Number of protein chains: 2
Amino acid sequence: MKRTELGELGEFGLIDRLKENVKIYQPSTVFGIGDDAAVIDSGTHYTLVSTDMLVEGVHFDLSYVPLKHLGYKAIAVNMSDIAAMNGIPKQVTVSISLSNRFSVEAIEEIYEGINAACENYKVDLVGGDTTSTRAGLALSITAIGEVSKEAISYRKGAKANDVLCVTGDLGAAYLGLQVLEREKQVFLDNPEMKPELNDHEYLVGRQLKPEGRTDIVHDLKEKGIVPTSMIDISDGLASEILHISKASGVGMTVFVDNIPIENKTLTTANEFNVNPITVVMNGGEDYELLMTISQEDYEKVKAIPEITPIGFVTEDKNNILVTNSGEKVSITAQGWNHLQDKE
Amino acid sequence: MKRTELGELGEFGLIDRLKENVKIYQPSTVFGIGDDAAVIDSGTHYTLVSTDMLVEGVHFDLSYVPLKHLGYKAIAVNMSDIAAMNGIPKQVTVSISLSNRFSVEAIEEIYEGINAACENYKVDLVGGDTTSTRAGLALSITAIGEVSKEAISYRKGAKANDVLCVTGDLGAAYLGLQVLEREKQVFLDNPEMKPELNDHEYLVGRQLKPEGRTDIVHDLKEKGIVPTSMIDISDGLASEILHISKASGVGMTVFVDNIPIENKTLTTANEFNVNPITVVMNGGEDYELLMTISQEDYEKVKAIPEITPIGFVTEDKNNILVTNSGEKVSITAQGWNHLQDKE
């Protein structure tokens, strides 16, 4: 029998392949695989369903991620998926598998973080499963949300001449991870050394305790704006731009000068000898929102300080980054390699 | 710091402990942790959400569980949870974590089973997550269902004098597992030996390819019956009786003579030198339904051949098994040990 390695296909390739055989039987299924959340018609509104699995050694390293933060983050990243549909999260289920290396007290610490996140987002923990496993720790979260039928934002709705915007600032979470990895190495080399995180509090905070931007969903509603498309920035800006581009059949032009990056991110990128734009494009885990807004909503968007316009949508499907010097670089899945080659 | 081992609390003890700190913020949350599915008010109806995690080496052994069957069963057991609320499943999400021991073709085999189950139950695969892990395979399934507000059955509604009923037959799945374990051992001792499963096709089928009884939900609706309480039989009859007893604040009296057990189950129990009632009470994985029906619906229930009355509900909270000889045995969480002690 033929054996294809997972690495040959990649996660998105695998999803595309599996999607081919999926059939839809229920009229209440409005949108299935292929966006930040599934969309189910509940009569008066849409119900949103999003799910994520976090695995020790792949998504987190318990040598520097406190259990409480892990619980918090697991919820927050799912809030981000619901927000990306312009929805408000309402309920979550949490399944945990863990080995007997973990005590009841350890589980309670994880749940402390989960409960803190639930309180912050006002979502209800309504179910789950707890099971033993041979090794390691894994969490599987499902978030349920609501959105009015008129307000839903898919990845597929971007139109030519729409304004491309992002929330917050980008690149910090990835550099926070680099700081944590470096301090772990220092500690492994010399356990007497104390980790020096104070100077990088912001970046480390963005990595360990990200927030899903449900606040933006409220802001947009207040201003009467429905983004023509939206996605959350979990895999880096390049990847998300390509998702909207592919789903909407349009291109995007992004101006490097306009991308919001914190000073701390710039100086730390320098410290690690990486290009901050590379970090933004491919770093990931910012959990900010990338959205397109129709021109007529542009004035209204300017009144939301947390939203920054970074470019515009084009009819042709080329995705282009315009650098400070005016040079145009193509945004590809391997975008940051290309960028680095150019330097 | 105090360290409490998971085994000291047990799964249900842990759930009770974690539940203490869970707060409810959303008016749409009708029922959270503590039944077969969470209940969310969607306006015109209730949305049901159930989730399950299946871990290699804990819930399944790939040395005798074909990947396709694993995928099928993962869906079917979640259909069972929705059916236990008297609901109809509509959508599922599937998350899979797996090591690089598995190829793309292996994942496709799992999804073949998942798709076959989706087709059988007419549910839509609307989302999920696929991630790598260091070792092993785990699946996390969330099922979404619907039930009309008048037809929902909780664990908590059983009333004195209700008739206690089960669907199908019990005990087969557990013995199917024993057969598979025995044949695995034979194979490990002598790889030339072919497994002899033909004679135990029914039992092995019940273990490898169980079905959630959504057909019963349709039957009940057709006859105009709403069970006063319902639960699916996943952990053995004793455990489920105790769940309904605790949630409803009643007791149950069960007549051993009335419990539906297939001949093949009886003869195989004999072959394995175990008491078939012990198997039924504590074996698990039957995925049949246990329900209580008010006396006035009793005539209507008799018209559904797949439902068998096995006892009745009492005001006092004693759960009692009446043996063939008229002896009364108390049903406890360690029920089968007590039973064996009596023999």
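**View 1. Lys317(B) in the loop between β11 (307-314) and β12 (320-322) of chain B.** In this predicted model, local features need pLDDT of at least 70 and side-chain atom pairs count only at pLDDT 80 or more, while totals for chains, interfaces and linings use all residues. Residues are numbered from 1 along each chain as its sequence is written, chains are lettered from A in the order in which they are written, and side-chain values use heavy atoms, with hydrogens and water left out. Lys317(B) is exposed, with a relative accessible area of 58% (exposed is over 50%, buried under 20%, partly exposed in between, with a 1.4 Å probe and protein chains only). Leaving aside neighbours within four places in sequence, Lys317(B) is in contact with Ser245(B), Gly249(B), Val250(B) and Gly251(B) (contact: heavy atoms within 4.5 Å). Gly251(B) is 66 residues from Lys317(B) in sequence, yet their C-alpha atoms are 3.8 Å apart.

**View 2. Asp124(B) in strand β5 (residues 124-132) of chain B.** Asp124(B) is buried and has no salt bridge, the nearest side chain of opposite charge, Lys90(B), being 8.9 Å away (a salt bridge places a side-chain nitrogen of Lys or Arg within 4 Å of a carboxyl oxygen of Asp or Glu). The side chain of Asp124(B) reaches the backbone nitrogen of Tyr25(A) at 2.6 Å.

**View 3. The open sheet of 7 strands in chain A, with mixed pairing.** The strand order is β8-β10-β7-β11-β9-β12-β13 (strands, DSSP E runs of at least two residues, pair if DSSP finds at least two bridges between them). The edge strands are β8 (229-233) and β13 (328-330) of chain A, each pairing on one side only. β8(A) runs antiparallel to β10 (residues 288-293) of chain A, joined by 5 bridges.

Technical notes
Helix = DSSP H or I, 4+ residues; strand = E, 2+ residues; numbered from the N terminus. Lys, Arg positive; Asp, Glu negative; His and termini not counted. Polar contact = N/O pair within 3.5 Å; in protein donor to acceptor, adjacent residues only side chain to side chain.
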